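Good morning, colleagues. Please keep the sequence and the model in view while I speak.

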Amino acid sequence: MGSERGGTLIAALSSCWYKVPSIPVPTLAQDNHTAECSTTSHVRGDMTLKMIVFGWAAAIACGVVSVSATPRGAESASSRPSQAPPADGSGLVLPVTAAGATYVGSAVCSSCHYDKFISYMNQPHSQSLDPRTPAARFGCESCHGPASAHVEAGGGRKAGSLMTFAKAVPTSDRNAVCLQCHTRGATALWHGSAHDQRKVACTDCHAVHGGNHKLLAQPTQQQLCTSCHQQVRTALLKTSHHPLREDKMQCTSCHNPHGTQAPRLIAANSINDKCYECHAEKRGPFLWEHPPVRENCLNCHDAHGSSHEPMLVVKKPLLCQRCHSNALHPSVLYALSPAGQPTGKPLAQLAPQLAYRACTNCHVTNHGSNHPSGKFWHR
Amino acid sequence: MSRTQKHWWIVPVVALAMANADESARAAGQDDKAAGGVNASQITAITALAEAAPRDASQAAAPAQRPLAQDATQPDTDFPIWFLKSTRLIDPRLRPSAGIRVPRVSPREGGPLLFPNFPENDPGFVGGQTMPWSIRGSLGLFSVDRERDSSRFQEYRDVRDGTTAGLEAHFRDNRSVFNLLGRQLGRRDQDLTMDGALVGKFLWSAFYDETPHTYAFGAKSLYTGLGTNVLSIADSIQLDLQNSTTLPQATAKLTDYFNQQGQSFDASLRRQKTGVDVTLLSAYPFALKAGFSNESRDGTQLASASFAFYDFSEIPFPVKYDTRELKVTAERARPESRLYWSATYRASDFIDRFQTLTFDNPLRAVDSLGTYTTTFQRGPATGALALPPSNTYQEGSTSVVIKDLPLRSTLNALVSAGYLRQDEALMPFSTNSAVTLSSTTNPSFNATDLAGLPRRTAKTAMNTDTVHVRWTGTLTPKVHFNQQYRLYKLTNHEQPFEMLMFVREDQDPRFPETAGASYRTVLADFTKHTSTSEISYDAPADTHLSATYTFERMNRSFREVAWMNDNKAKVAVDTRRFGMLDLKSWYEFTNRTAAPYDNNQYNDVQGNPVGRPILPLLRKFDEAAYHKHEWQGMVTAYVNDATSVSGHVELVGTNYTDSPFGVLWDRRHAYGVDVTYAPSARWNVFADAGLERVQYEQGARSWRAPSPASAAAPFAPEPGFDSFSNWTALATDIYSSAGLGFEFFIVPEKLRLNMQYTYARSDGQEEFTSPLGTSAADDTNLFVPLPFTDVDDTVWHTFNPEIEYTLSKQVSLSAGWHYEKWRSADYTTDGFVNVNNYQTFFPFSTNANGLAMETGGFLPPPYRVNVLYVRMKVGF
């Protein structure tokens, strides 16, 4: 596989220079290579085509380099000053740091970065028996790169050019590290997803060191997601709401923030399909369908919350009157005395098409009816 | 004391662990380097970093034998200790989790391990230990006053006097993991989750969750048989009401019966969900995941059903639902591979234990033929309602992701097919034995006999097909593209249910108004194509510019508008300047065009091929042409290590371009801001505020024909837009919210004070306008426009100070007071009475007034609740 990729890349290099990734990251396919075969020392994101070609040719000549065209962004991760790319036999592209840097081991890291180390040990990343974890490779340095230069410099920020996940580091660089391993399940469709396109970093939401459940940077998903989607926070506090603020539902009950095929990151084939997962009684199909209901639940409901029961986008009867203003049925707002003034009764006692459940005082099966006489959703 | 100094003791622990690991490695016949281990000299290196003896990459990798881990993470070592700390909220019910959040700035060096607002001892504490188990329990004693004042307070939670327990346990050794979290144990909102793993072999999880949904405390009803599908009213009551001579007399009788014999009940659902998931990983790179869950809903829900205009009764209908889900997924994924593949099968069965509901008509003891303007003088003795039918849904899908394609692109695709079926037995057209009318075209019509149905079962079926392809890649090092195509197709396979007449509200036989016509069921059937092209550019300073064009076409059958085209153009900028300023902003313009309106479609559905009933020029909002502008901006500034400020603006405006009736335009403006200030580990403050303003205008025309017989009149004389009978509504909803959180460690690591306040308010109003005509002949609109100032107005406050004292690493005590207040005002319920004689909208008909009987469960009363609690957390 690796040599095939190498061939593909060389062909691409030869035929179309602008298709070349800025910095392809070589991965050592064999284990007996040496640092002398390294080809990407001092490469940077703006290096010239010539340098890329030369470097890759040299690497391939060594017979030890395969090419992994990594996800977008990984190339800039490799733009950091580098010695040999790390190798652990997995074919993964691991972060590289200062020239000549080597691995020191997590224990050394823990001597200074005790907080980080403990947080790492308290999560699945540290399960060394799982071959897919950082612990099964280079521990801390699986994500941060070989740290000997950092150690020799006595530590400190930027010392040894360790890979860090600070906000100053380009989003794509940071994400590339995580996406090396997180390619399945919920994260399989990250590439091209809404959050990917908007340059959201994995570490914007996840605090790998010191995170909460699922390594979230906030105690609950609701708190996390609404830190950006602040209009949703206001919605969640409205009277008619799903039980998110009671923590009986979460944002991921409906959305997959890592990417889906459906609009709005809905974790189903459509919005309605998602709603039917819990509200299967609305699923039908009914003898008498109400087409706007079938087309999109959000035609009438705001799933994030509303002041209008039950989570309606606007209050009845105006909601219904957005479509229904017919003869053979009233489209008057309310019936007052002939003089045009209230009869002394409050509206709740006066106008049945306004009061209480408004239109659904009578049209009760407006989600669809299975009654032979349910044509107008009375039954 | 710095973190390093504080943990000086780790040095000998590390050394010991290294030594143990070294022995283990030797015992396994591995040398230090092969194992990727740290040898004895490196123990020295740990204690004297300057003398560290790092290995180079080749040493680390050669030869590639398992395990490659560092000694610190080697199996069978005692190092390091596991804290197994939890950051889960153990009782999130009191504090609205949406209202407040913790600081997003990282703790300062030397600060606590976690974010200061939720330190490590929340909810329990950190018990550093070397044993693999960590167990924590929480026991809270709650005293709640006025807990039953309003169901709104208990809507999705169970906060009452008594105890609330929480349990958390973690186990971990080198081969297995187990986690357990139980919250509100013993309460109606309890949940219990467990998960575990045999590392690298399989994962499993199981959960049990209860969520109440309380609709009403103390609702009142004359019906007996609550919880069943037969709701009865004593025959004597029905007979007495039937024998009334006037509507006021019937109203007075019903009021008396209701007050004297109506029984009080709570309307609520109990939702219980149990599930288990297992994921097999041992066949790497394949993973097989299977999950099963069962959700049952049991209780009583409220709805209305009518017998004629305004003769409606609110009925507590029984809910006994089960939803069973099976999902099996096979997945192939290797991080280093170009190919990801998965296939999923999902089956979902929904079972409703009750298919029908019969409910007595309080106004009638004997069936008689009625009309839609009937009052107590006519109608059925019993009505029947179709409850949600049992159904099944099956779905198969497969998706692939291929990376490393030309242009450094990634392609992902999904194909999915779903099958939704429902074939419940149908009920007769009516329960009303007096409905024996027949039309000339349907002489054998029998409303109460199943033989009168066109078919005996529903035979409804729908298929859903989804195809999605996304291709994303790089054109040049700085220019990226993203192409998507999506198809969602819903196909209705139901054979139209065609009938010559039916019975409305169990009393009103309906014939098509056009001779020879028939009624047909309305089928939903549509196809939606969405194509998106996006191109983006990586500018300097981590700035990302993008432009997107989306075309969406929706083809529909059986609706007035056969197709709609949406053209959307969007530009966006995302930037992080110097890491301290995070700005995201986008603007999108949408132009929707639609097919000409087909009024015949509407008339066909109505059974009136020659028809006329729909208001001319009305365009239903979901299929009307429009122009839409939407702009959002989000910015977060990390002012310094202690402070961050974040703001959000969203402006949306839609103008419906060819629709003089219906929705004319709508606007939505939302603003949000939050501030985090965490100057030290000892205290921090978080505050947020949000404001949202929703406004829209819609128009309609009042109809007041001289009589029903001339129902064609309302629009015929004025088929155009202008009319004195027109009215418009301008509705405005203003939502505001605010939150303030404060935490202060009075005594560091010992005594913590935490306070949180949340405020949410909604303020709605509707204003109406209508031109005044010169006479009743040219202005059939009788109402004088009045503003409705109370439209779902609510105010909600929560305040929760809590103090926690940590006695030791094992025990902590906390005490708190939670205050919550909610009130509402709304014109639809202000002045509500259970039994009411509604005034008709037919000014021309004196017999059209109706008599309604309602439970009062729709809008809960206001509440003001105090909760005092103490909580002890113990762990080991």
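What percentage of the 379 residues in chain A do buried residues make up? They make up 67%, where a residue counts as buried if 20 or more other C-beta atoms lie within 10 Å of its own, exposed if 12 or fewer, and partly exposed in between, with C-beta atoms placed from the backbone.

Residues are numbered from 1 along each chain as its sequence is written, and chains are lettered from A and ligands numbered from 1 in the order in which they are written.

Chain A has 16 helices and 2 strands; helices (H or I, at least four residues) and strands (E, at least two) are DSSP runs, numbered from the N terminus. In chain B there are 7 helices and 35 strands, and buried residues account for 44% of its 876 residues. Taking contacts between residues at least 6 apart in sequence, 69% in chain B join residues at least 24 apart, and the corresponding figure for chain A is 58%. A contact requires that the two C-beta atoms, placed from the backbone, lie within 7 Å.

As to confidence, the predictor gives the complex an ipTM of 0.86 and a pTM of 0.84. The average pLDDT of chain B, on the predictor's scale of confidence in each residue from 0 to 100, is 80, and 78% of the residues score at least 70. Over residues 97-130 of chain B the pLDDT is below 50, although this stretch has 119 contacts in the model beyond near neighbours in sequence. Where pLDDT is low, predicted coordinates should not be read in detail.

I turn now to helix H5 of chain B, residues 235-242, whose buried residues are B:Ile237, B:Gln238, B:Leu241 and B:Gln242. Seen down the axis of H5(B), these fall within an arc of 130°, so they line one face of the helix; the arc is that of the directions from the helix axis to the C-beta atoms. The face turned away from that buried side carries the exposed residues B:Asp235 and B:Ser236. What do the buried residues of H5(B) pack against? Their partners are helix H6 (247-261) and strand E11 (356-360) of chain B.

Strand E11 leads us to an open, mixed sheet of 3 strands in chain B, in the order E6-E11-E12; strands pair if DSSP finds at least two bridges between them. E11(B) and E12(B) run antiparallel and are joined by 5 bridges, with B:Asp360 opposite B:Thr382 in E12(B).

Key. Predicted model: local features only at pLDDT ≥ 70, side-chain atom pairs only at ≥ 80, totals over all residues.
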